[in-house]
Protein chains: 2
Amino acid sequence: MAGIRAKQKEKTRQALINAAMNQLSAENGFSSLSLREVAREAGIAPTSFYRHFRDMDELGLTLVDECGLSLRQLLRQARQRIESGGSIIRVSIETFMQFVADNTATFRLLLQERSGRSRSFRLAVVREIDHFKAELEDYLVNEQSFTRELAELQSDTIAKIVFSAGADCFDVDEEAREIITEKTIQQVRLVARGAEATRRLLKRQP
Amino acid sequence: MAGIRAKQKEKTRQALINAAMNQLSAENGFSSLSLREVAREAGIAPTSFYRHFRDMDELGLTLVDECGLSLRQLLRQARQRIESGGSIIRVSIETFMQFVADNTATFRLLLQERSGRSRSFRLAVVREIDHFKAELEDYLVNEQSFTRELAELQSDTIAKIVFSAGADCFDVDEEAREIITEKTIQQVRLVARGAEATRRLLKRQP
DNA sequence: ACATTCAGCGTACAGGTGTACGCTGTCTTG
DNA sequence: CAAGACAGCGTACACCTGTACGCTGAATGT
């Protein structure tokens, strides 16, 4: 039951996924990428593609899922590292930016399909971003004692800032990326400060 | 010299632009839209397309430019209306959201090409967003007496929030759009409050 | 051992794509 | 009024696309 067969299938499936990612990073959006070319780069016949995915869209959704998943895992690791001291904002954002640098192709897909193509694509992306927001929101409620409402407003704001900043990194070199990272840290601190001020404001006049 | 000829040319040029916008709004990203289909919808032969644009990319860049231009005009009008009283944040954001609702197709193009396709596309979009930020930044310096540095940080943050919020409006009905608008107003106020707090902080320890 | 499953292949087809080339008829200019 | 510019057309071509269909050979289940 080792599945020498299933193992090989999984291998070519990964080859397809990698091929798609490569062709994405080269240039061009996901929609302008062809089944045939992806199959060619993966080293299989065009018609064999269908043994793995119903169509290109299904492959695309897989990419989105994988991207979101590994981002979340990375951030969770980062948060654990923080429990032994360190600025949560700095570490989280540095981790995020490193992720974007290492996964430019898929992250670009994420942002691009967020406002494009089919509805199912958009929903998939929204789902990933919602995961991100939810974890941040919980942190703000549990560790920083914000009200649900204010935590929700804050986490949504931060998500918008951070994902936009990720997009700003696409065309730039490492040096510029560090500048953007520092700027983003400042921006998130701006929001945190604003939320803190709002909390105090609400305490005085509830 | 009225140019009955030039007039006709401009007319079909607009027809091409409109056709492209229509096909954009239907679904699908810009890159998956074909010269032939655009020409067909505009009512001209495919080969006549070249009398107006070198290729589809040139048409796309034109769309981006027009979108940014009319957004800026609208916001400038809104700011004039404010001089006779009213919350600048509320009016600006409501105007912005109305613009997105009225120009979903091109605004989607803007956001999509921001993180996609060719470098020249991305730069064009960045340019439009920079215009937006610059006008906001000037306002913050001149009318609210912020330092350049803090105004820059603030305007960049707000631009990120507002453009992201615009993207959130794509799939939703009018009711949900109003909710998003209100949320965005709160978020921008959060940032403004954070910037205010930062300013005070810096005054105490410069 | 044999029968079944199934990943991958090759062929084939209908349809779409961008664009080169040369023509037409009308507006514009001299 | 003649000469030229030029928007738009039709034809033609080479190329790429998705996918239907049936086959093969090896891994698997009995």
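How far is a phosphate oxygen of DNA strand C from an N or O atom in the side chain of His52(A)? The gap is 2.5 Å. Keep in mind that this is a predicted model, and every distance here is computed from it.

**Chain A in outline**

Let's start with the overall build of chain A. It has 8 helices and 0 strands. If you walk along the sequence, the pattern reads α-α-α-α-α-α-α-α. The C-alpha trace of chain A spans about 70 × 40 × 35 Å along its principal axes. Chain A has 206 residues, and 48% of them are buried. Now look at contacts in chain A between residues at least 6 apart in sequence: 63% of these join residues at least 24 apart.

**Around DNA strand C**

Back to the DNA. DNA strand C is surrounded by 23 residues, and the closest are Arg5(A), Ala45(A), Arg51(A), His52(A) and Arg36(B). Of the atoms of DNA strand C that come within 4 Å of the protein, 52% belong to sugar and phosphate. Which elements give two or more residues to the surface near DNA strand C? They are helix 1 of chain A, plus helix 1 and helix 2 (35–42) of chain B. Sorted by class, this surface has 6 nonpolar, 9 polar and 8 charged residues.

**Around DNA strand D**

DNA strand D also has 23 residues around it, the closest being Ile4(A), Arg36(A), Tyr50(A), Arg5(B) and Ala45(B). Sugar and phosphate make up 51% of the DNA strand D atoms that come within 4 Å of the protein. At least two residues of the surface near DNA strand D come from each of helix 1 (4–26) and helix 2 (35–42) of chain A and helix 1 (4–26) of chain B. By class, the residues of that surface are 6 nonpolar, 9 polar and 8 charged.

| Residue | Part of the residue | DNA strand | Distance to a phosphate oxygen |
|---|---|---|---|
| His52(A) | side-chain N or O atom | C | 2.5 Å |
| Arg5(A) | polar backbone atom | D | 2.9 Å |
| Thr12(B) | polar side-chain atom | D | 3.2 Å |
| His52(B) | side-chain N or O atom | D | 2.6 Å |

**Where the two chains meet**

Now for the protein chains themselves. Helix 7 (residues 148–168) of chain A and helix 8 (residues 174–204) of chain B have axes that come within 10 Å and cross at roughly 80°. An angle from 65 to 115 degrees counts as roughly perpendicular, so helix 7 of chain A is roughly perpendicular to helix 8 of chain B. On the chain A side, the residues that meet the other helix are Leu150(A), Glu152(A), Leu153(A), Gln154(A), Asp156(A), Thr157(A) and Lys160(A). Their partners in helix 8 of chain B are Lys183(B), Gln186(B), Gln187(B) and Leu190(B). Split by class, this contact has 3 nonpolar, 4 polar and 4 charged residues.

Is Lys160(B) buried or exposed? Its relative accessible area is 7%, and buried means under 20%, so Lys160(B) is buried. This residue lies in helix 7 (residues 148–168) of chain B. Its side chain makes a polar contact of 3.1 Å with the side chain of Asp168(A). Setting aside neighbours within four places in sequence, Lys160(B) is in contact with Ile161(A), Ser164(A), Ala165(A), Asp168(A) and Gln187(A).

Ile158(A) sits in helix 7 of chain A. With a relative accessible area of 9%, Ile158(A) is buried as well. Not counting residues up to four places away in sequence, Ile158(A) touches Leu136(A), Val188(A) and Val191(A). Ile158(A) and Ala192(A) are 34 residues apart in sequence, and their C-alpha atoms are 8.9 Å apart in space.

Ile89(A) belongs to helix 4 (residues 88–102) of chain A. Leaving out neighbours within four places in sequence, Ile89(A) is in contact with Ile185(A), Val188(A) and Arg189(A).

Note on methods. Residues are numbered from 1 along each chain as its sequence is written. Chains are lettered from A and ligands numbered from 1 in the order in which they are written. Side-chain values use heavy atoms; hydrogens and water are left out. Axes are lines fitted to C-alpha atoms, for helices over the stretch in contact, and angles run from 0 to 180 degrees between N-to-C directions. Helices (H or I, at least four residues) and strands (E, at least two) are DSSP runs, numbered from the N terminus. Angles under 35 degrees count as roughly parallel, over 145 as roughly antiparallel, 65 to 115 as roughly perpendicular and the rest as oblique. Contact means heavy atoms within 4.5 Å. Ala, Val, Leu, Ile, Met, Phe, Trp, Tyr, Cys and Pro count as nonpolar, Asp, Glu, Lys and Arg as charged, and the others, Gly among them, as polar. A residue is near a molecule or strand if one of its heavy atoms lies within 4 Å of it. A polar contact is a pair of N or O atoms within 3.5 Å; within protein, one must be able to donate a hydrogen and the other to accept it, and residues adjacent in sequence count only if both atoms are side-chain atoms. Buried means under 20% relative accessible area, exposed over 50%, partly exposed in between (1.4 Å probe, protein chains only).
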